[in-house]
Amino acid sequence: MKSKSLTTMIIAGLVLGIIAGFIINTVATVETAKAYSQDISILTAIFLRLIKMIIAPLIISTLVVGIAKMGDAKTLGRIFSKTLLLFICASLISIALGLVIVNIFQPGAGINFVAHDAASVAALKAEPFTFKVFISHAIPTSIVDAMARNEVLQIVVFSIFLGCGLAAIGDKGAPIVHVLDSLVEVMLKITGYVMLFAPFTVFAAISAMIAERGLGVLVSAGIFMGEFYMTLGLLWVILIGISLATIGPCVLRLTKGIAEPALLAFTTSSSEAAFPGTLKALEKFGVSPKIASFVLPIGYSFNLVGSMAYCSFATLFIAQACNIHLGMGEQITMLLILMLTSKGMAGVPRASLVVIAATLNQFNIPEAGLILLMGVDPFLDMGRSATNVMSNAMGAALVSRWEGEHFGEGCRGKASQLARL
């Protein structure tokens, strides 16, 4: 199926899902609507399972081949340091922007939330964050176990070691690299088959959500949702603006190219679902496969800026709702904590709530305040997943340009400010 045709089908699934969900929510009983939501969600579950099925081998093959083809440790170290620097800057911008917007508009003021029953958020409680916990989560004890649980950060760590090892042994590792290169092509072909199921998944996910919750939840929480989506909009403007200033107008081609994977991430609330499409869009734009396949998987662990903006925005919102004042020093501390706790956050639904729960615990804010987010979190997850896709694509393009690669007409020449750094 051609890309434009698939995009059209996804949009059609989104519109029909909203209509079907609204009709069911309006004319059916609560029990019938709930039953429909549970039954139709099997389509979403199947699609996300298919995505999880391909994501581990796709990341391993693309990342290992990308590292092995770089040729030497110096090139690898240079690209990795540039990638990490850009992702840290993007993280600071997103978290700080979330704090600034929530301080300006005070969406939690006047709610006066008092929790009488925190049972509904008990499953989201997380152990206090420490450096030891982070390292334990990042380093795999078994790559098989990491793949079985789709621990993206652990898969990335293993792939970096394997890629460096293959690059070090040179010609002896060429057969393995060749096999993994073939695996990339196979996985991308399988991805094409899986994507054919996307329009049905979008219809199922949206119709189930609207049928059970109704459009009313969008109205009742409209102010909170509107302010957060404004935050995401500003984040898009800032990150694309930086890319325009450093790469040139040609970056608009990339923005158009990632529209379909971003839409898929939006409708499925999963950044992982957009990984294959984003990889293809980057290579079509002109980013070399070795850089795209190296930067993008790392971005899925270290550059989920939409989710990070949500963590800071939602944490301070809950504090405001609970009438807990956090001074500037405490908010700066929160920013630094979120810089660490958000790394390795899976690009799947509800992962942000676990990070928020851990952050609330650090500042003695009632974790039961998460109840305030439960009703609208699925709708917010859609926006932050799409934002994660955009930021990772822009990050890969910036690293590629920083390495001196050119993207054709509309791209700044080699004398650009970024290339001179």
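Predicted model: local features only at pLDDT ≥ 70, side-chain atom pairs only at ≥ 80, totals over all residues.

Reply: Residues are numbered from 1 along each chain as its sequence is written, and side-chain values use heavy atoms, without hydrogens and water.

Me: Which residues touch the most other members of the largest nonpolar core?

Reply: A nonpolar core joins buried Ala, Val, Leu, Ile, Met, Phe, Trp, Tyr and Cys residues through side-chain atoms within 4.5 Å; buried means under 20% relative accessible area, exposed over 50%, partly exposed in between (1.4 Å probe, protein chains only). Here the largest core has 116 residues, and Phe47, Phe294, Ile318, Ile356 and Leu373 touch the most other members. Helix H2 (residues 30-68) contributes the most, 14 residues. Helices (H or I, at least four residues) and strands (E, at least two) are DSSP runs, numbered from the N terminus.

Me: What does the chain form over residues 40-64?

Reply: That span is 100% helix and 0% strand, with end C-alpha atoms 38 Å apart. The unreviewed UniProt entry annotates it as one of the "transmembrane region" segments; such annotations may be inferred rather than shown by experiment.

Me: How many disulfides does the structure hold?

Reply: A disulfide is a pair of cysteine sulfur atoms within 2.5 Å; the structure holds 0. Cys164 is partly exposed, because its relative accessible area is 32%, whereas Cys311 is buried at 0%.
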